[in-house]
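Look at the model below.

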Amino acid sequence: MCIRDSGNTGWQVIGFVPQRKAGDGLLPVPGDGRYDWTGYKDFRALPSEYNPARGWFASANQNNLPADWPKARVPAYSFRDPYRYERIAQVLAAQPRHTLADSVALQHDTFSTPAMQFVAALPDAPSAAAKPAATMLAGWNLRLDRGSAAAALYEIVWRDLSKRVLAELVPDRAKALVTDIAPSILLAEAKKRPALVDAALASGWQEAQRLLGAQPAAWRWDTLHQVRITHPLSRIPAIAAAFPPIEGSGSGGDSYTVMARWLGDGPSWRTGGGASYIQVIDVGGWDNSLMLNLPGQSNDPKSPHYRDQYAPWIDGQMQPMPFSRAAVDAQATTRTLLQPGQPRR
């Protein structure tokens, strides 16, 4: 939570963190009362900042606990990789002044730090089979843009390399339990195992041709990274028929870009989640604020607003978010008047 009051800015982590008699909640414990909850920790025991010298706050589900944070006050142990936050921090630190347009651009930033680190580890002398992939990636701008051929190739090679490294590192008895690998570990292993990188490049080039065609110039990341919205209960035929899927386009980005478009470990390449609601607020002129809400503003398939923000969300075309009464009235297309019914007897 961020707050602003009289020129001051603050950031406070909030949430219900249990206070336990003993233990940290990571493992099962006896139910004999020794580990019972005694209430919740005061929110003031959670991390906070007030008027930081850098002038901004950022959060992207990364570990935001200070390095010297007391172990007894650790509220959580599961965080996402830091790449999105680090990219946000890099951009904000380089901009003394930040406009609404800058904020929109940052929310749709597709620069990939893992891709940058992977490209830096490409073999100096790739095999003949790996050379086409290595050449394309070496000349790439490292952005997972929806129309990028290199972005599509990178994701295919990355997934292939992940499987190869997992096969090397994980013993047979644990393969069913360990099915993915953190980017930092994968990159560290890639540097130590150039033969695996070469093999993944060669295999990835062939797989890209199979998935996207024989002409690399026509490859696009969004051909694979499709955005399909279905009802949570769409496995029930009647519900699937009543709520047709919203689909038809693909997206850029992945799990590690600021423009979050989660990508799993397969076999599908579809977007599995991300920042479905986006807003940029102008606190000096509220009517200038912008937003997007995937896929639309209605749960009624017959409504024109059922999917009216699907395409803008994919394209990054922010929509106006009027605030004042005059601005809302100017944008209103319909009005619904709710009146209380007669009390029941």
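Predicted model: local features only at pLDDT ≥ 70, side-chain atom pairs only at ≥ 80, totals over all residues.

Residues are numbered from 1 along each chain as its sequence is written, and side-chain values use heavy atoms, with hydrogens and water left out.

Side chains of opposite charge can pair when their charged atoms come close. A salt bridge here is a side-chain nitrogen of Lys or Arg within 4 Å of a carboxyl oxygen of Asp or Glu. The structure holds 16 of these salt bridges.

Take E189 and K192. Their closest N and O atoms are 3.2 Å apart. Both lie in helix α6 (residues 183-192), 3 residues apart, about one turn of the helix. A helix is a DSSP run (H or I, at least four residues), and a strand is one too (E, at least two), both numbered from the N terminus. Buried means under 20% relative accessible area, exposed over 50%, and partly exposed in between (1.4 Å probe, protein chains only). E189 is buried at 9%, whereas K192 is exposed at 59%.

Now D222 and R220. This salt bridge has its closest N and O atoms 2.8 Å apart. D222 is buried, at 6%. R220 is partly exposed, at 34%. Shared partners join R146, R220, D222 and D315 into one network of salt bridges.

D32 and R34 also form a salt bridge, at 2.8 Å from N to O. D32 counts as partly exposed, at 47%, and so does R34, at 48%.
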